[in-house]
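Biologist: I would like to learn how to read a protein model feature by feature. Could you walk me through one, giving the general idea and then the case at hand?

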Amino acid sequence: SNLFVAVSGTASLYVNNGGRVSSAALTIGNSTGGSGEVNAAGTSTQVTASGPLQVGSEGYGRLTITGGAQVSSIGASIGTFPGSIGVASLSGSNSRWTDSGGSFRVGVGGNGTVSIASGARVFANTSLVGDGTTGEGIVSIDGTGSAWTNSQALYAGSLGEGSVVVSNGGTVSNTLSVVGATVGSSGTMEIRDATSSWTSSSYVIVGDSGTGTLHVKDAGSAS
């Protein structure tokens, strides 16, 4: 069955110390006025959605993954509809979010933020940051071992505003990438230092029909 954490009220779900929660779709902060949090912590802890996972559908949603916890979904959106706020924070070695189907979308119609730090990892197919015309998305990858791995494409500024920042040994990889894809969009990719890298195995377009900025500084690597 589907699981909703905070429809119009306030709710928190804590899964830790090897606990397991499974659902079809999982929505955190479903409606306007709703404020929901899911916190997954600890080795062997699992949160599994066999359908899409929304963090901030129309309300406020937060997903926190720490201490080696594992989250999986089939399609994901962070900050889905206008006025929504979605925040996903991952930290710690072996903390992982695997989105194995559909698209990983950050800032669709609302504001979406994803932070990947201290050795945490996100695995996705195609990712879109700033995916709707009213969407604002930010993804940061910070720290040695922190990684965002896309088996297919990465769009920074698909239809809206999208920003990706890689720092302190973080890595991002994908096949093709477009920074500033469509008319009216704005995309930024920033690789901040010598230990940080972005790898596209196919091609990169900066400013397709939108505005694109690629900033590689202090011996950072983009290839």
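Modeller: Gladly. Let us start with a term for accessibility: a residue is called buried under 20% relative accessible area, exposed over 50%, and partly exposed in between. Please keep in mind that this is a predicted model.

Biologist: Then let me try it on Val 216. Is Val 216 buried, partly exposed or exposed?

Modeller: Val 216 has a relative accessibility of 36%, so it counts as partly exposed. This residue sits in strand β26. Together with Val 204, Val 206 and Leu 214, Val 216 makes a nonpolar surface patch of about 260 Å². Two elements, β25 (204-206) and β26 (211-216), each give two or more residues to that patch.

Biologist: Now to the strands. What is the general idea behind a sheet?

Modeller: Strands in a sheet pair through backbone hydrogen bonds, and the pairing is either parallel or antiparallel.

Biologist: And here, how many strands form the open sheet, and in which order?

Modeller: The open sheet has nine strands, ordered β2-β5-β8-β11-β14-β17-β20-β23-β26, with parallel pairing. At its edges lie β2 (10-16) and β26, each of which pairs on one side only. On average, neighbouring strands of this sheet are turned by 5° against each other, with direction ignored.

Biologist: Can we look at single pairs in that order? I would like to know which residue stands opposite Thr 64.

Modeller: Take strand β8 (residues 60-66) and strand β11 (residues 85-91) to begin with: seven bridges hold them in a parallel pairing. Across this pair, Thr 64 faces Ser 89 of β11. β11 also pairs with strand β14 (residues 111-117), again in the parallel sense and over seven bridges. There, Gly 86 has Gly 112 of β14 opposite to it.

Biologist: What about β17 and β20, how many bridges join them?

Modeller: Strand β17 (residues 136-142) and strand β20 (residues 161-167) run parallel and are joined by seven bridges. In that pair, Glu 136 stands opposite Glu 161 in β20.

Biologist: Let us turn to charges. What is the general idea there?

Modeller: Side chains of opposite charge can pair when their charged atoms come close. Searching the whole structure gives three salt bridges.

Biologist: Which residue does Arg 105 pair with, and how far apart are the closest N and O atoms?

Modeller: Arg 105 pairs with Asp 131, and their closest N and O atoms are 2.6 Å apart. Distant parts of the chain are linked this way: Arg 105 is in strand β13 (residues 103-106), Asp 131 is in the loop between β16 (126-129) and β17, and the two are 26 residues apart. Arg 105 is partly exposed at 31% relative accessible area, whereas Asp 131, at 8%, counts as buried.

Biologist: And where do Glu 190 and Lys 217 lie?

Modeller: They form a salt bridge, with closest N and O atoms 3.5 Å apart. Glu 190 is in strand β23 (residues 186-191) and Lys 217 is in the loop between β26 and β27 (221-222), so their pairing ties together parts that are 27 residues apart in sequence. Lys 217 is partly exposed, at 29% relative accessible area. Salt bridges with shared partners join Glu 190, Arg 192 and Lys 217 into one network. In the link between Arg 192 and Glu 190, the N to O distance is 3.0 Å. Arg 192 is partly exposed at 36%, while Glu 190 counts as buried at 14% relative accessibility.

Biologist: Could we read one loop residue too? Is Gly 34 buried or exposed?

Modeller: Gly 34 has 4% relative accessibility, so it counts as buried. Gly 34 is found in the loop between β4 (26-28) and β5 (35-41). Leaving aside neighbours within four places in sequence, its contacts include Ala 6, Val 7, Gly 29 and Tyr 60.

How values were computed:
Residues numbered from 1 in each chain as written. Predicted model: local features only at pLDDT ≥ 70, side-chain atom pairs only at ≥ 80, totals over all residues. Heavy atoms only, no water. Pairing = 2+ DSSP bridges. Helix = DSSP H or I, 4+ residues; strand = E, 2+ residues; numbered from the N terminus. Patch = residues over 30% accessible without salt bridge, like charges linked within 9 Å, V, L, I, M, F, W, Y side chains within 5 Å. Areas by Shrake-Rupley, 256 points an atom, 1.4 Å probe, with all protein chains shown as cover. Salt bridge = Lys/Arg side-chain N within 4 Å of Asp/Glu carboxyl O. Buried < 20%, exposed > 50% of the residue type's maximum accessible area, 1.4 Å probe, protein only. Axes fitted to C-alpha atoms, helices over the stretch in contact; angles between N-to-C directions. Contact = heavy atoms within 4.5 Å.
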